[in-house]
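Hello,

Here is the structure I promised to pass on.

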Amino acid sequence: MKRFNKAWHEAHVMPKHATLEQRISWHLAHQENCGCRPMPQKLQMELNKRNAKAEAHE
């Protein structure tokens, strides 16, 4: 796991009452830029479900 990126966290605060889309987007960017912790399991499951649906339509 990467180290804590304080500057990134200060510049990218999760909005209050974030929508599901905002939360997924924030955590994807977080994985690329900080990665101090993994994406919450509920969000990862939702992302996996969306990817599976997209692949089924290809």
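Let me start with Lys49, which is partly exposed at a relative accessible area of 46% (buried is under 20%, exposed over 50%, partly exposed in between, with a 1.4 Å probe and protein chains only). Its side chain meets that of Glu46 in a salt bridge, 3.5 Å from N to O (a side-chain nitrogen of Lys or Arg within 4 Å of a carboxyl oxygen of Asp or Glu). Salt bridges that share partners join Glu21, Glu46, Lys49 and Arg50 into one network.

A word on the background: this is a predicted model, where local features need pLDDT of at least 70 and side-chain atom pairs count only at pLDDT 80 or more, while totals for chains, interfaces and linings use all residues. Residues are numbered from 1 along each chain as its sequence is written, and side-chain values use heavy atoms, without hydrogens and water.

Glu21 is partly exposed at 48% relative accessibility, and Arg50 is partly exposed at 27%.

Elsewhere, Lys6 and Glu10 of helix H1 sit four residues apart, about one turn of the helix, and their side chains meet in a salt bridge of 3.9 Å, N to O.

Best wishes

Technical notes: Helices (H or I, at least four residues) and strands (E, at least two) are DSSP runs, numbered from the N terminus.
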